[in-house]
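Could you walk me through this protein in plain terms?

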Amino acid sequence: MAKKKGSIVYKCSNCGYTQPGWLGKCPQCGEWNTLEECIVDPNSASPLIHADGSVTKAKPVPMSKITVQGEERISTGSVEFDRVLGGGATKRSAVLIGGEPGIGKSTLLIQTAASVLSSARGNASRVLYVSGEESASQIKGRAERLKLNVGSVEILCTLRLEDILDALDSLNPTVVIIDSIQTVYSVQAGIVPGTVSQLKYCANELISWVKERDSVLFMTAHVTKDGTIAGPKSLEHMVDTVISFERSSDEVRFLRALKNRFGSVDELGIFEMESDGLKAVADPSALFLTRRNGETPAGIACVPVFEGSRVFVVEIQALTVPAKAQVNRVYSEKIDSARVSRVAAVLEKRAGIKFSDQDIYINVAGGVRLNESAIDAALASALYSARSDIPLAEKTVVLGELSLAGEVRPVTKLKQRVKAARELGFTNIIAPEKEIASSSTIAVDSVHSLVKALFKK
């Protein structure tokens, strides 16, 4: 039975189920006390239904008649942010940025708003900054501390989705910033912000508005204790780009794309938080390498790794101590513990050095996470060095994938990695390819040859 316009319904805040009367238990999801009173908006009809009652239906179109349009992008004003987005923010797209509280999401977006306006000619661009957590004076105070010119940025402090949509229709901005999506609510989905149905409904309305215009939508989201974006996973697949804002130290921030429909997900943006805002790191290698005046201590190995289109030489640090319990343990946050255990097992079996009675600690200088298989040989070198207490030679990098049979296998883009290491001053290259062998490069094909090349054993 159709409901009258302007009538009151009860909607489940957990699953979105709607019915005309209140119940203690939702008939669809089985949750208790989740039905909330909502008002049916008389203006919320589908845009496919016209005022005269006629209906426009979607029809299939042959692929041969479809023309491919180029992607129009808007620069954020930050080289690192543009790199992670794939060359800038694509028009008619939605970007979700997740990060822990206080990491700098609002700072990044207010800097983006100022950069978009400063690079626009005349009134070609408008920016609407919607805040549900801070007042307008707080936002302006932050902008003044960062010395940003945001006089033309439109500020809207509200929690209601209907107010945001009205402002969007009247301003028609080029860039829309929602800080944060968890604070937005609509009477169509209940009156409590942050629920599953609220997030899905509000995000869908905002994304639909952006998709119909040449605008870009940025939405911030909080993360849980596990480091995942709070709210339903369905919100992540609704947007075009999901970006994770991570903290390496008090000053260093990493920006990484977890999903990107308009670019690569392998790029890494590196920032430093300074008194005047987030600044792109000019020399990323300085973050991942420790500058020492004396000899390199035992347990240190360097490896060139790819992050998107760039090569960084990072330092892997290993420490082994006698196990404090009957079973040894692996402590590793930046490299998967399973990879560390596997490499240690290969060394114990193929190189005759024992790790089963040792607790293993692994760290990566700079705090970057390493996932690629090209670090296996360097990880093995650091473990062997730590266990034998023999340091590697100065200016040495090691790269290669390690098999369970003890073989050192080739890695992708080897020549680019070697070139980047040499440009940073590394003179000893231990690699699995013979064709790059030279006076400064030693080709290895097994754990035995790797240990012999590094430790003369």
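Let's start with helix H5, where the buried residues are Ser197, Gln198, Leu199, Cys202, Ala203, Leu206, Ile207, Trp209 and Val210. Helix H5 covers residues 196–211, and the model it belongs to is a predicted one.

**Two helices to look at**

- Helix H5 is built from 16 residues, and the distance from its first C-alpha to its last is 22 Å. That is close to the 22 Å expected at 1.5 Å a residue.
- Helix H9 takes in residues 376–388. Its end C-alpha atoms lie 18 Å apart, which agrees with the 18 Å that 13 residues should span at 1.5 Å a residue.
- How many of the 13 residues of H9 are buried? Eleven of them are, so the helix is mostly covered.
- The buried residues of H9 are Asp376, Ala377, Ala378, Leu379, Ala380, Ser381, Ala382, Leu383, Tyr384, Ser385 and Ala386.

**The nine-stranded sheet**

- A handy idea to keep in mind is that strands of a sheet pair through backbone hydrogen bonds, either parallel or antiparallel.
- Here, nine strands make an open sheet, and their order is E8-E7-E9-E10-E6-E11-E12-E13-E14. The pairing in this sheet is mixed.
- Which strands sit at the edges? They are strand E8 (154–157) and strand E14 (277–280), each of which pairs on one side only.
- From one strand to the next, the twist averages 25°.
- For a parallel pair, look at strand E9 (residues 175–179) and strand E10 (residues 216–221), which are linked by four bridges. In this pair, Ile177 stands opposite Phe218 in E10.
- For an antiparallel pair, look at strand E13 (residues 268–274) and E14, which are also joined by four bridges. Here Glu272 has Lys279 in E14 as its bridge partner.
- E13 and E14 are connected by a hairpin of two residues.

**More strand pairs to trace**

- Strand E15 (residues 300–307) and strand E16 (residues 310–322) run antiparallel and share eight bridges. Phe306 has Val311 in E16 as its bridge partner.

**Two loop residues**

- Thr34 lies in the loop between strand E2 (18–19) and E3. Is this residue buried or exposed? Thr34 is buried, because its relative accessible area of 11% falls under the 20% cut-off.
- Leaving out residues up to four places away in sequence, Thr34 touches Lys11, Cys12, Ser13 and Cys26.
- Val327 lies in the loop between E16 and strand E17 (330–332). Val327 is exposed, because its relative accessible area of 59% is over the 50% cut-off.
- Val327 and Gln358 are 31 residues apart along the chain, and their C-alpha atoms are separated by 8.7 Å.

**The whole chain**

- The protein chain contains eleven helices and 23 strands.
- Of its 457 residues, 47% are buried.
- Among contacts with a separation of 6 or more, 64% are between residues 24 or more positions apart.
- The accessible surface of the chain is about 22700 Å², and carbon and sulfur atoms account for 50% of it.

**How confident is the prediction?**

- The chain has an average pLDDT of 85, and 89% of the residues score at least 70.
- Where is confidence highest and where is it lowest? It is highest in helix H9, at 96, and lowest in strand E3 (residues 35–39), at a mean of 75.
- Residues 1–5 have a pLDDT below 50, and this stretch has three contacts in the model beyond near neighbours in sequence.
- Residues 44–53 also stay under 50, and the model gives them eight contacts beyond four places in sequence.

Note on methods:
Residues numbered from 1 in each chain as written. Predicted model: local features only at pLDDT ≥ 70, side-chain atom pairs only at ≥ 80, totals over all residues. Heavy atoms only, no water. Pairing = 2+ DSSP bridges. Axes fitted to C-alpha atoms, helices over the stretch in contact; angles between N-to-C directions. Buried < 20%, exposed > 50% of the residue type's maximum accessible area, 1.4 Å probe, protein only. Contact = heavy atoms within 4.5 Å. Areas by Shrake-Rupley, 256 points an atom, 1.4 Å probe, with all protein chains shown as cover. pLDDT = per-residue confidence, 0-100. Expected span 1.5 Å × (residues − 1).
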